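Me: I'm new to this one and would like a close look at a single part. Could you pick a spot and walk me through what sits around it, then show me how some of the helices fit in?

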Amino acid sequence: MIQFPPGFRFGMATSAYQIEGAADVGGKGPSIWDTFTARPGTVRHGEDGRTAIDHYHRYAEDVGHIAEAGVQDYRFSISWTRALADPDFYDRLVDELLTAGVRPVPTLYHWDLPQELEDRGGWLNRDTAHRLADYASAVALRLGDRVRDWITMNEMNVHTLYGYALTDHAPARGLGLAALPAAHHQLLAHGLAVQVLRTHGAGAIGIANQHFPVSAAGDDPADQFAAEMFRNLTNWTFSDPILLGDYPDEMIRAGIGTSGAQLDRDLELIGARLDFYGVNFYEPTAVEAPREGKDYAGVLEVDIPEGLPFSPVPVKSDERTDFGWAIVPGALTEILVALRDRYPALPPVIVTENGASFHDAPPGPDGRVHDPRRIAYLDAHLRAVKAAIDAGVRVDGFYVWSAFDNFEWAAGYDERFGLVHVDQETLSRTRKDSWYWYRDLISGCGATD
């Protein structure tokens, strides 16, 4: 049994668009993901999240699955368009969690920008950051009497890369490096949200950034340069302004579209004190300088367009998930230690997402879903977290992605990350072996406050 320090918290994580469904219920307006999935050819099998796993109507049952596993925390996201039209749903969800003894940890923004804001420029428009602050204030007024812990933004690097630099996620802008203003405005939204949440008496505020080690494919100076640029763009662009007060290099600073006294004011907001720092981790990345005539299709789930000075190459790994992602648990230890070394004032870390997609078979004759590979994956990554703690990194918690099988963005429903199996025809829930394993692990670690 892995032993963690006193106070270490276990949790599960989800996001609104991936599980809620009820796309038109309660006056909810469309988000960029409703628009994106309605376009032919954007999502595997033409699927969408209009029903997802119908968590909106089944939330009480779902809270039971979460609470009975013994987790202390449940990280979920709030749909911006639903919260403004139908806030009662989140009242009910938070009350259900608290009654079940689970701490609600809502994320304000997990990629589902209201389409009306996208029509005004989306994250390329500075005003969107201020609209998020208004939304944060409305949500805090509604839930702040019961919600103590808040996460402002989720994986700004993924949202910027896949949705703004590329076309693989909503809103599919395909701007390449011209997407950098979207990165800055999301960071500004984070800073404004922290300010708003503090005003409303929030107890603890953090952010969930995806981080991963980046290596060069070889010793060629061009590959080393490509790796450094990719590392700066995908890792440090989204953490340096928060934890060091500036962008990692002049190219990025020049590309964000804000400068002078305005940038200084923005960075002061962005660098506001945090109570914890969320790290989402799945796999390391390797890149090289693009080779003329080389076909990179299929190396990642996205294609890097021409004109960007880096290209992905397969990460060496003995094992891969069924999504094709390399399984390298030691890379989680590596990135946690790297964050500690880079940021002298790093707040306590929570691993806010970690998990794996395996194409689990439906319940068998015994009524069980057997997923030994997921158990092995989670065990190895929790041991990697413990190794980081032993190396001096303060890690206060670990959240499995995900509580339930769900809509995996452009990959549709084929990719199953959940501890609970969801039949997409009947929407019936079945706890997987990994759910029972996680419950027993948490129980063996003892209760935490």
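Reply: Let's start with arginine 82, which counts as buried because its relative accessibility is 0%, and buried here means under 20%. Keep in mind that this is a predicted model. Arginine 82 belongs to helix H4, residues 80-85. Leaving out residues up to four places away in sequence, arginine 82 touches Glu20, Gly21, Ala22, Val25, Lys28, Tyr56, Pro87, Phe89 and Tyr90.

Serine 31 lies in the loop between helix H1 (16-19) and helix H2 (32-37). With a relative accessibility of 1%, serine 31 counts as buried too. Its contacts, again without residues up to four places away in sequence, are Tyr17, Asp112, Leu113, Pro114 and Gln115. For a sense of scale, take serine 311, which is 280 residues from serine 31 along the chain: the two C-alpha atoms are separated by 31 Å.

Now for some helices. At the start of H10, a side-chain oxygen of aspartate 220 comes to within 2.7 Å of the backbone nitrogen of alanine 222. Buried residues in H10 are Asp223, Ala226, Ala227, Met229, Phe230, Asn232, Leu233 and Thr234. Their cover includes H8, H9 and H12 (250-255), along with strands S5 (204-210), S6 (214-216) and S8 (285-288).

The axes of H8 (156-165) and H9 (180-199) come within 10 Å and cross at roughly 150°, and the crossing is right-handed. On the H8 side you'll find Met156, His159, Thr160 and Tyr164, which meet Ala182, Ala183, Gln186 and Leu187 of H9. Sorted by class, that contact has five nonpolar, three polar and no charged residues.

Last stop, H16 (433-445). Its 13 residues should span 18 Å at 1.5 Å a residue, and the end C-alpha atoms are 18 Å apart, so this helix agrees with expectation. In H16, Asp433, Ser434, Trp435, Trp437, Tyr438, Leu441, Ile442 and Cys445 are buried. What covers them includes helices H3 (55-67) and H15 (372-390), plus strands S1 (9-13), S11 (395-401), S12 (420-422) and S13 (429-431).

Note on methods: Residues numbered from 1 in each chain as written. Predicted model: local features only at pLDDT ≥ 70, side-chain atom pairs only at ≥ 80, totals over all residues. Heavy atoms only, no water. Axes fitted to C-alpha atoms, helices over the stretch in contact; angles between N-to-C directions. Helix = DSSP H or I, 4+ residues; strand = E, 2+ residues; numbered from the N terminus. Left-handed = near helix turned anticlockwise from the far one by under 90°. Contact = heavy atoms within 4.5 Å. Nonpolar A, V, L, I, M, F, W, Y, C, P; charged D, E, K, R; others polar. Buried < 20%, exposed > 50% of the residue type's maximum accessible area, 1.4 Å probe, protein only. Polar contact = N/O pair within 3.5 Å; in protein donor to acceptor, adjacent residues only side chain to side chain. Expected span 1.5 Å × (residues − 1).
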